[in-house]
Amino acid sequence: MDSWHGTTILGVKKGGRTVIAGDGQVSLGNTIIKPNAKKVRRLGEAGNVIGGFAGATADAFTLFERLEKKLEQYNGQLMRAAVELAKDWRTDKYLRNLEAMMIVADAGSMLILTGTGDVLEPEAEDGNAIAAIGSGGNYALAAARALAEYEPDPEKLARRAMAIASEVCVFTNDRLTIETVGPAE
């Protein structure tokens, strides 16, 4: 989808920590409008949920606000809040037209949310998982999978994979916003 160009969001869950990284480039067609946008943020009152978006900015902020309300309604239970948001997103006339995707995570889970009602939990091996969305998502995903065996630190892994994606995808840059949940090493 053309409206999703200009961003790369990568989630890496490894060693009990989850990192979501997002590039900072905002493009309008083939023109870079802003190089340092913040597409990753903390959600919820406690800030123990992190999320990153790909898609139209206003749409993503609307979805972040709705997810925060669901988190409050369901006592911080990310899976339940995400499922309820996905139901609304799929059935509500206004929300149905929003063009965005999200990766959200807490200490226990990482999810991809889409406007078609999907709540996807990336395949996990030994509690580790990798997910990516956006125009450079497949590049970041491939790089992260290749590096996962060699890099134990999820933040270093995410930073390197995003650097690789920024070298390949013209809609992705190397000005990252990174948020982490889970115990520090």
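Just after α1, Asn-75 takes a positive phi of about 55°, although Asn-75 is not a glycine. Asn-75 sits in the loop between α1 and α2; helices here are DSSP runs of H or I with at least four residues, strands are runs of E with at least two, and both are numbered from the N terminus. With a relative accessible area of 69%, Asn-75 is exposed. For that label, exposed means over 50% relative accessible area, buried means under 20%, and partly exposed lies in between (1.4 Å probe, protein chains only).

A word on the model itself: it is predicted, with local features needing pLDDT of at least 70 and side-chain atom pairs counting only at pLDDT 80 or more, while totals for chains, interfaces and linings use all residues. Residues are numbered from 1 along each chain as its sequence is written, and side-chain values use heavy atoms, with hydrogens and water left out.

| Helix | Residues in helix | End-to-end C-alpha distance | Expected span at 1.5 Å a residue |
|---|---|---|---|
| α2 | 14 residues | 20 Å | 20 Å |

The expected span is 1.5 Å times one less than the number of residues in the helix.

Which residues of α1 are buried? They are Asp-59, Ala-60, Thr-62, Leu-63, Phe-64, Leu-67, Lys-70 and Leu-71. These buried residues pack against β5 (40-43), β6, α2 and β7. An α-helix has 3.6 residues a turn, so residues three or four places apart point the same way. In α2, the buried residues are Leu-78, Ala-81, Ala-82, Glu-84, Leu-85, Ala-86 and Trp-89, and their cover includes β6, α1, β7, β8 and β9 (119-120).

Further along, Leu-95 lies in the loop between α2 and β7. At 0% relative accessibility, Leu-95 counts as buried. Leaving out residues up to four places away in sequence, Leu-95 touches Thr-62, Arg-66, Asp-88 and Trp-89, where contact means heavy atoms within 4.5 Å. Leu-95 and Thr-62 are 33 residues apart along the chain, yet their C-alpha atoms are separated by 8.7 Å.

**Nonpolar cores**

The largest nonpolar core has 20 residues, and those with the most contacts inside it are Leu-43, Leu-63, Leu-67, Leu-71, Met-102, Val-104 and Leu-113. At least two residues of this core come from each of β6 (49-55), α1 (57-73), α2 (78-91), β7 (100-105) and β8 (110-114). A nonpolar core is a set of buried Ala, Val, Leu, Ile, Met, Phe, Trp, Tyr and Cys residues joined through side-chain atoms within 4.5 Å. Leu-67 shows how the pieces meet: beyond its neighbours within four places in sequence, it is in contact with Leu-43, Ala-81, Ala-82, Leu-85, Met-102 and Val-104. A second, separate core has 16 residues, including Ala-132, Leu-141, Met-162 and Ala-165.

**Strands**

Five of the five residues of β8 are buried, so this strand is largely enclosed by the rest of the structure. Met-110, Ile-112 and Thr-114 are buried on one side, and Leu-111 and Leu-113 on the other. Strand β8 pairs with β7 in the antiparallel sense over five bridges (two strands pair if DSSP finds at least two bridges between them). Met-101 has Thr-114 in β8 as its bridge partner, and a hairpin of four residues joins β7 to β8. On to β9: β8 and β9 pair in the antiparallel sense over two bridges, with Ile-112 opposite Leu-120. Four residues lie between β8 and β9 in their hairpin, and Gly-117 in the turn has a positive phi of about 90°.

Elsewhere, an open sheet of five strands runs in the order β10-β11-β1-β2-β12, with antiparallel pairing. Strands β10 (124-125) and β12 (177-181) stand at the edges with a single partner strand each, so one side of each is left without a neighbour in the sheet. Inside this sheet, β1 (residues 8-14) and β2 (residues 17-22) pair over six bridges, and Gly-11 stands opposite Ile-20 in β2.

**The whole chain**

The protein chain has four helices and twelve strands, and 48% of its 185 residues count as buried.
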